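Reader: I am new to this structure. Can we go through it feature by feature?
Author: Gladly. Ask as we go.

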Amino acid sequence: MEPVLARSVRLEPDGVHVLDRRNFPFERVWVRCATVAEVAAAIEDMVTQSSGPYFAALWGMVLAAREARGLPRAEARASLERAGELLVSTRRTNNALRKAVAAVLAGVDASDDLEAGALAGAHAGDRRYRDRSRRLGEATAALLPDDGAVLTHCWADLYLTETVKAAQARGKRLRFVCTETRPYLQGARLTAETLGEMGVDTTLITDGTGAAVMSAGEVDVLLTAADRVTMDGHVVNKVGTLGLAVAAHAFDVPFLAMVQAPDRLAPTARDVPIEHRPGEEVLHTLGRRTASDRARGRYPAFDVTPPRFVTTVVTDRGAYAPHELADYYAEDVHD
Ligand SMILES: CSC[C@@H](O)[C@@H](O)C(=O)COP(=O)(O)O
């Protein structure tokens, strides 16, 4: 059976319905977004996370096409572009949003009917993302030990579930150690719940425990997703990844970073905007204040791991050393 989070954004006649990941799995509440602006707000407010914003943006663009109904074609196209810019601006580090918008605009440009074209583009984008995640998962599973412990951080969503499915199909026996990933607790809630759903032995650690489990020899591989990997091999992912990667390097634990494709628009890390979320978010967890009133918070949501701390970048076309990513595009270009 598919994990609950694998289908957590749906297009319905009355809008886009998004499973609220902020309090999953304790509550299973769906948020209805009636307009593309509401979809953008939901993405920005972390109602959905990781791969979720990609799907929300696809279906959000379909709402934008509905909102443009009746406008002359050029005006409708321009209003869809504005909607796309709004969606992309919600989470600047997440490259998938740009790709979702491009998928829908490609569908629109290939059809005389704006809404039908947007819908076709969104379905094509949905299929492509899932197919590419499956290929990525298969490539990743091939690199994992037959019997071993994997440390992961945050919530790698479809990249992780496809990896686990492929590993299980190969008969591998993997145990996972996941970090809590404060302040949103993606690891404690989304990763731990979904791995449990998939029958995987799962141990939760606090964010500060990663180096200790690696130094104790309790982990065979560090595995995370990446929001982006630059062409020169910098891995941009949830803040905390850098510290884990440095510790992994120190204790000879390989670090595998999963991304569908390296980012051709980002030659190096300077080309990737890092999302800084309100510092207040660090002072609260699950809606409750968890820090002294005397402290201020600071929350860069992502960090950058230099290529010297990255062993392998796994893509939908297989594994690459971080300094060999140009080879990804040596084949026919599709990204
Ligand atoms: C499938 S992309 C995975 C990443 O987005 C993931 O590792 C991550 O950092 C999630 O961050 P989030 O801020 O929860 O959206």
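Reader: Which elements do the buried residues of helix 1 pack against?
Author: A caution before the answer: this is a predicted model. The buried residues of helix 1 pack against strand 2 (15–19) and strand 3 (30–33), and also against helix 2 (52–67) and helix 3 (73–90).

Reader: Which residues of helix 1 are buried?
Author: Helix 1 spans residues 36–44, and its buried residues are Val 36, Val 39, Ala 40, Ala 42 and Ile 43. They cover an arc of only 160 degrees around the axis, so they lie on the same side of helix 1.

Reader: What is the order of the strands in the open sheet of three strands?
Author: The order is 1-2-3, and the pairing is antiparallel. Strand 1 (9–12) and strand 3 are the edge strands, for each pairs on one side only. On average, neighbouring strands here are turned by 25 degrees against each other, direction ignored. Helix 1 packs on this sheet and touches strand 2 and strand 3. The direction of helix 1 makes about 140 degrees with that of strand 3.

Reader: How many bridges join strand 2 to strand 3?
Author: Four bridges join these antiparallel strands. Look at Val 16: opposite it, in strand 3, stands Cys 33.

Reader: How should I read the two faces of a strand?
Author: In a regular strand the side chains alternate between the two faces of the sheet. Now take strand 10 (residues 255–258). Phe 255 and Ala 257 are on one side, Leu 256 and Met 258 on the other, and all are buried. Both faces of strand 10 are covered.

Reader: Which strands pair with strand 10?
Author: Strand 7 (residues 221–225) pairs with strand 10 in the parallel sense, over four bridges. There, Thr 224 has Ala 257 as its bridge partner. Strand 16 (residues 312–315) also runs parallel to strand 10, joined by three bridges. In that pairing Met 258 stands opposite Val 314.

Reader: Why does Leu 174 count as buried?
Author: Leu 174 is buried because 22 other C-beta atoms lie within 10 Å; the cut-off is 20 or more. Leu 174 is in strand 5 (residues 173–179). Leaving aside neighbours within four places in sequence, Leu 174 is in contact with Leu 144, Gly 148, Val 150, Ala 167 and Val 200.

Reader: What should I look for in the backbone?
Author: Most residues other than glycine have a negative phi, and most peptide bonds are trans. Look for the exceptions. Ser 50 is not a glycine, yet its phi is positive, about 60 degrees. Asp 252 also has a positive phi of about 60 degrees.

Reader: Is Asp 252 buried or exposed?
Author: Asp 252 counts as exposed, because it has 8 C-beta neighbours inside 10 Å. Asp 252 is in the loop between helix 9 (241–250) and strand 10. Ser 50 sits in the loop between helix 1 and helix 2, and Ser 50 is buried, with 23 other C-beta atoms within 10 Å.

Reader: What does the domain assignment give?
Author: It gives domain 1 (4–131) and domain 2 (134–330). Their centres, taken over C-alpha atoms, are separated by 25 Å. In contact are 17 residues of domain 1 and 24 residues of domain 2. The side of domain 1 that touches domain 2 has six nonpolar, six polar and five charged residues.

How values were computed
Residues are numbered from 1 along each chain as its sequence is written. This is a predicted model: local features need pLDDT of at least 70, side-chain atom pairs count only at pLDDT 80 or more; totals for chains, interfaces and linings use all residues. Helices (H or I, at least four residues) and strands (E, at least two) are DSSP runs, numbered from the N terminus. A residue is buried if 20 or more other C-beta atoms lie within 10 Å of its own, exposed if 12 or fewer, and partly exposed in between; C-beta atoms are placed from the backbone. Two residues are in contact if their C-beta atoms, placed from the backbone, lie within 7 Å. The arc is that of the directions from the helix axis to the C-beta atoms. Two strands pair if DSSP finds at least two bridges between them. Axes are lines fitted to C-alpha atoms, for helices over the stretch in contact, and angles run from 0 to 180 degrees between N-to-C directions. Domain bounds come from an automatic or database domain assignment. Ala, Val, Leu, Ile, Met, Phe, Trp, Tyr, Cys and Pro count as nonpolar, Asp, Glu, Lys and Arg as charged, and the others, Gly among them, as polar.
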